[in-house]
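Dear colleague,

Please find the structure we discussed placed below.

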Amino acid sequence: MQTLFENEKFKWINLQNPTKIELNEIATKYCFQKLTIEDSLEPGHLPKYESDDSKVSFLLIRFFDKEHRMLKNTVREFSHKISIYIGVDFIVTVHQKETDIFEKIQKKYLANTDPSKIIIKGILYRIISETIKTYEEPAYQMDEEVNQLEHLIFTDDFRKIKLPTLYKIKREATACKKILDYTLEALKEYRADNKKTSSSQDLYEENVKMLHLHSQIVDDVQSLLTIYLSLNGQKSNEIMQTLTVFSAFFLPLTFIAGIYGMNFDFMPELNYKLGYPICLLVMLLVVIFIYFWFKKKKYL
């Protein structure tokens, strides 16, 4: 347990990777709801906001931090949670994963503001704002990757695109979009439970902006995937068309060769002096006929 800030109005306490016993102790001291403690300990819990009669509000948000392993739960793979308990004279933050969000707040806000003027809502605003900002850089990175993939598709180099690349981008963008969707709902409930100030409106708009960016990336990747599959299908159709054309030429020739390849004793053409050149001439005429017929039908 660490006290990050304290003045005559309130105290800001931070707990990093606390045990259940430690969390229960602080919960008993500040009258937290037991269900919110379980939410704080659950690794994959989605953003939410709760308020009860004890005047202690609970806000759970998630900041972007990509794991170096594939998890079944994409929310856990691309983010980690911060649980925030807001009381009249305290704010308690709980998180498992180390983050520089609180350090940024201390440098940008606490160090440059008169301690007597710092309030709970000011710290809360900056925690949420810095958390939402963690989704900005990955959004721009994914957008750049999507632009590069679009360039490959529309310059006839689409075969250089690997499906796992598209899958990874879609997986990451979808997870971020899901988190930001739930964060938006949590902010709506927070604004409904508190006065709709300009700062809460700024947070709402900032979240909407990030949500729009990631939603656009999901749509773009889905479009790229559809185009990629269509181009692959078109390429396969072209190959099949080429094979069909070759088959159409060789099928009648194979038929003629098959007939005269039979070993019957009474086949007058076999003993005819001009039988061989006539057979070749017939084959050539068949090929020429098929060629011009295909040209007329615009198959070639």
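This is a predicted model: local features need pLDDT of at least 70, side-chain atom pairs count only at pLDDT 80 or more; totals for chains, interfaces and linings use all residues.

Nonpolar cores

The largest nonpolar core has 40 residues, and those touching the most other members are Trp12, Leu59, Ile84, Ile91, Ile123 and Ile127. At least two residues of this core come from each of strand 1 (2-6), strand 4 (57-64), helix 3 (74-78), strand 5 (79-86), helix 4 (101-110), helix 5 (120-133), helix 7 (163-193) and helix 8 (198-259). Helix 7 gives the most, with eight residues. Another core, of 15 residues, lies apart from this one and includes Leu15, Tyr30, Phe32 and Val56.

As for Ile84, when its neighbours within four places in sequence are left aside, its contacts are Ser57, Phe58, Leu59, Ile61, Ile91, Val92, Thr93, Leu124 and Ile127.

Surface patch

Leu281, Leu284, Leu285, Ile288, Tyr291 and Phe292 make a nonpolar surface patch of about 590 Å². Of these residues, Ile288 is found in helix 10 (residues 275-296). Ile288 counts as partly exposed because its relative accessibility is 36%.

Glu130 is placed in helix 5. With a relative accessibility of 10%, Glu130 counts as buried. Leaving aside neighbours within four places in sequence, Glu130 is in contact with Ile101, Lys104, Ile105 and Lys108.

Salt bridges

Side chains of opposite charge can pair when their charged atoms come close.

Arg171 forms a salt bridge with Glu77, and their closest N and O atoms are 2.7 Å apart. Because Arg171 lies in helix 7 and Glu77 in helix 3, this pair ties together parts that are 94 residues apart in sequence. Arg171 is buried, at 14% relative accessible area, and Glu77 is also buried, at 3%.

Asp181 and Lys177 meet through their side chains in a salt bridge of 3.4 Å, N to O. The two are four residues apart in helix 7, so about one helical turn separates them. Asp181 is partly exposed, with a relative accessible area of 29%, and Lys177 counts as partly exposed at 28%.

Glu50 and Lys48 form a salt bridge in which the closest N and O atoms are 2.2 Å apart. Here Glu50 counts as partly exposed at 24% relative accessibility, whereas Lys48 is buried at 19%; the cut-off for buried is under 20%.

With kind regards

Note on methods. Residues are numbered from 1 along each chain as its sequence is written. Side-chain values use heavy atoms; hydrogens and water are left out. A nonpolar core is a set of buried Ala, Val, Leu, Ile, Met, Phe, Trp, Tyr and Cys residues joined through side-chain atoms within 4.5 Å. Buried means under 20% relative accessible area, exposed over 50%, partly exposed in between (1.4 Å probe, protein chains only). Contact means heavy atoms within 4.5 Å. Patches are made of residues with over 30% relative accessible area and no salt bridge: like charges are joined within 9 Å, nonpolar side chains (Val, Leu, Ile, Met, Phe, Trp, Tyr) within 5 Å. Accessible areas come from the Shrake-Rupley method with a 1.4 Å probe; for residues, only the protein chains shown count as cover. A salt bridge is a side-chain nitrogen of Lys or Arg within 4 Å of a carboxyl oxygen of Asp or Glu.
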